[in-house]
Amino acid sequence: MKQATHSPSSDAFNLVQALKDAGFAGMVTFGLCVPIVAFRAEQDMANKLVLQQRWWMALVITGLVIVSRLLFSLHQHSRRNDHAHQKSAAFAGILEQIKPFLAPLGFGFITIYPLVMLAMHGPGGSIKWIDNFGIQILIYVMLGWGLNIVVGLAGLLDLGYVAFYAVGAYSYALIATKVIPETFPFLGVWAFWICLPISGLLAALWGILLGFPVLRLRGDYLAIVTLAFGEIIRLVLINWVDFSNGYAGLSSIPRPSFFGIPFNASDTGFAAVFNLEFSPIYRTIFLYYVILVLSLMTAYVTLKLRRLPVGRAWEALREDEIACRSLGINTTITKLTAFAIGAMFGGFAGCFFAARQGFISPESFVFHESAQILAIVVLGGMGSLFGVVVASIALVGGIEILRELDFLKEVFGPTFDPSQYRMLVFGVAMVLMMLWKPRGLISTRDPSMIYKERKAISGSMVQEGHG
Amino acid sequence: MAIFIQQLINGLTLGSIYGLIAIGYTMVFGIIGMVNFAHGDVFMVSAFIALLLFIVATTLFGFGIVPALFLVLVLGMLITGLWNWTIERTAYRPLRGSFRLAPLISAIGMSILLSNLIQVIQGPRNKPVPPMFTQVLPLFEENGYTVGIGYKQIVIMVVTAVLLGMFWYIVQKTPLGRAQRACEQDQKMAALLGIDVDKTISLTFVLGAALAAVAGVMYIMYYGVINFSDGFVPGVKAFTAAVLGGIGSLPGAVIGGLLIGLIETMWSAYFSIDYKDVAAFSILAITLVFLPTGLLGRPEVEKV
């Protein structure tokens, strides 16, 4: 079925082979579809399952697979003849030329993004674009950069990162709704700014607490224990109703203030103080800049840490733990700092998330979130800060775009609901992106130390996940 | 005592379902060192296949329950095997030899894909299965509390035992099993000795899926309901079972599955049903801290 790429390829397109492959793929697809697609069990009034037959659907899917397999064969054939290497080399050359301008340009764009949106869509229409796209993507960029410290730099595979996000969110929610109003009511407007460092510290503390027992574990054992911890924290939040209000979650969490000036319609509110007309858009724009600053702080700290002994120790640990130990690096401290610092940024992001939503429940902290953050880190190309940004835009922004595809309703009829295909497309995209770029989008990275001349390190030189 | 024995029976039933799924994790991990995250969802898909086949067999062809179940078991194993074969072929094989986390991410994507595919094509609501084998065989009575073993529990344990026996025979006595064990020990050497490694890996996926399909049939029989999101929790617990037993070890997976089933039911009976999953995960964490390679796992040798 799959031909080795270096096989002597004749210039003629082997139609018979392609048809055979396509026919085989079609047969397999039809076999897969037989019970699952061709039949559907639906409850009737008496809650009994009634069978519906949908053979047309199975045939349509089979047909689609046959056609795409044929197109794939054609594509492979044309690629073999097309000297694709030269093309990609030329492309890389262009990329090399524009590279110095990329960072300032991108940075400039994210800085003025809310104002551009405001100008384009007006105060009412731009909330969606700033909140659903800007803030949402930046939260994941920040989480990705935080997890990147643990997975990308220290090479510790953490599948329960969302636990620290939850710790941060619940710390803020509980302190701001229970502790502050009861004991220090005058601090009410400052709640967010007081709780931000507290949430980060609490999350870091949990990082150390959870990190400590798992230090002896390696690779996949570490992964499953972190996954288990993530689930334990979520289950405790669900079941310990007195503490966290269970499934119902915590609501009316105070929103952040503009350094003491609340965003409301009162006389002391933001709009009144600055002589503006009251509008919810100011808070959204402010939140955008808060998360922008928080995530840039994460990136800055990561870049600085990479040059400090502890950051070098992380990367050394990722490459070879035994060598590390024999050079006298304290692997316990090194791993714990990675866990704690990664968790701390997760805690900051969680605190911000709670403040932005005003409502949190355990539903927001499921394993799927951890998987999505890990996917962003791996897809970005482990350890690459810029890659995380690209992957967040692709995955998170891509999902949000799918919400907007209302025109599909006109194509497929009014009962067609594109949003139910959102996660399906997300899963397909994750698999396809991995197949397309297994090492992530940005698979080269700058060395943290330079001896004589600057060399790019290929991602293939980097080992991951053995810690 | 009576309650304890009743819980023991329930725990073993649940544990055999986890054990069947755990084998799929442990075999794949043993042979290609990859955590097949989509396995729990393959199990869920198999339960849906079983449900649909069962309804087709009983309503369209008018089979009785026992022949229908037998047919569902055989066809379900075949079709689920085909599913996992296709998944391995499209999502994992191209990434073999690539770096370690790539197949893991691909598997997580596949898991999201499978559960949402079922949601789209079968609908998001719970699917109730007509109850079968509802009789209970009373064993003994103590202080007015009757200890009984349900007929379906008997069916589950017997079928599991028979299929595990067959599976053990395949792995230990047939050329396929030999090839599989050889690839597990050293893929390069196995390839040099003329074993088709790719084919063996594919067959490992098919075997794992077939056992997951058995678990799927047992699951809908035992719980009487299936939902598109039901793959994750049994999947994670079965993976926990595989790690607890020592990942890569087949008897370990079965023992781990039974242990997780027992811990879960005992904890629900004596402590709190809300925290049963917390108990299972905590015991996993504690075991790994003290026995880093699980109960029956081979200790890892560090080579420099």
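This is a predicted model: local features need pLDDT of at least 70, side-chain atom pairs count only at pLDDT 80 or more; totals for chains, interfaces and linings use all residues.
The expected span of a helix is 1.5 Å times one less than its number of residues. Chain A holds 16 helices and 4 strands, and 40% of its 467 residues count as buried.

**Helix H14 of chain A**
- Helix H14 covers residues 385–403 of chain A, and because its 19 residues should span 27 Å at 1.5 Å a residue, the 27 Å between its end C-alpha atoms agrees with the expectation.

**Overall organisation of chain A**
- The domain assignment divides chain A into domain 1 (15–79) and domain 2 (105–443).
- Taken over C-alpha atoms, the centres of domain 1 and domain 2 of chain A are 38 Å apart.
- Among contacts in chain A with a separation of 6 or more, 74% join residues 24 or more positions apart.

**A:Gly63**
- A:Gly63 belongs to helix H2 of chain A, which runs over residues 55–81.
- A:Gly63 counts as partly exposed because it has 13 C-beta neighbours inside 10 Å, whereas a buried residue requires 20 or more and an exposed one 12 or fewer.
- A:Val50 lies 13 residues from A:Gly63 along the chain, and 27 Å separate the C-alpha atoms of the two.

**The side of chain A that touches chain B**
- In the pairing of the two chains, 49 residues of chain A are in contact with 55 residues of chain B.
- Elements of chain A that give two or more residues to this side are the helices H1 (15–36), H6 (219–239), H13 (367–380) and H16 (422–436), together with the strands S1 (39–43) and S2 (49–53).
- H6(A) gives the most to this side, with 12 residues.
- By class, the side of chain A that touches chain B comprises 35 nonpolar, 7 polar and 7 charged residues.

**The largest nonpolar core**
- The largest nonpolar core has 220 residues, of which B:Leu51 and B:Val214 touch the most other members.
- Domain 1 (15–79) and domain 2 (105–443) of chain A each supply at least three residues to this core.
- Leaving aside residues up to four places away in sequence, B:Leu51 touches A:Ala41 in chain A, as well as B:Lys127, B:Val129, B:Ile220 and B:Ile226 in chain B.

Conventions: Residues are numbered from 1 along each chain as its sequence is written. Chains are lettered from A and ligands numbered from 1 in the order in which they are written. Two residues are in contact if their C-beta atoms, placed from the backbone, lie within 7 Å. Ala, Val, Leu, Ile, Met, Phe, Trp, Tyr, Cys and Pro count as nonpolar, Asp, Glu, Lys and Arg as charged, and the others, Gly among them, as polar. Domain bounds come from an automatic or database domain assignment. A nonpolar core is a set of buried Ala, Val, Leu, Ile, Met, Phe, Trp, Tyr and Cys residues joined through C-beta atoms within 7 Å.
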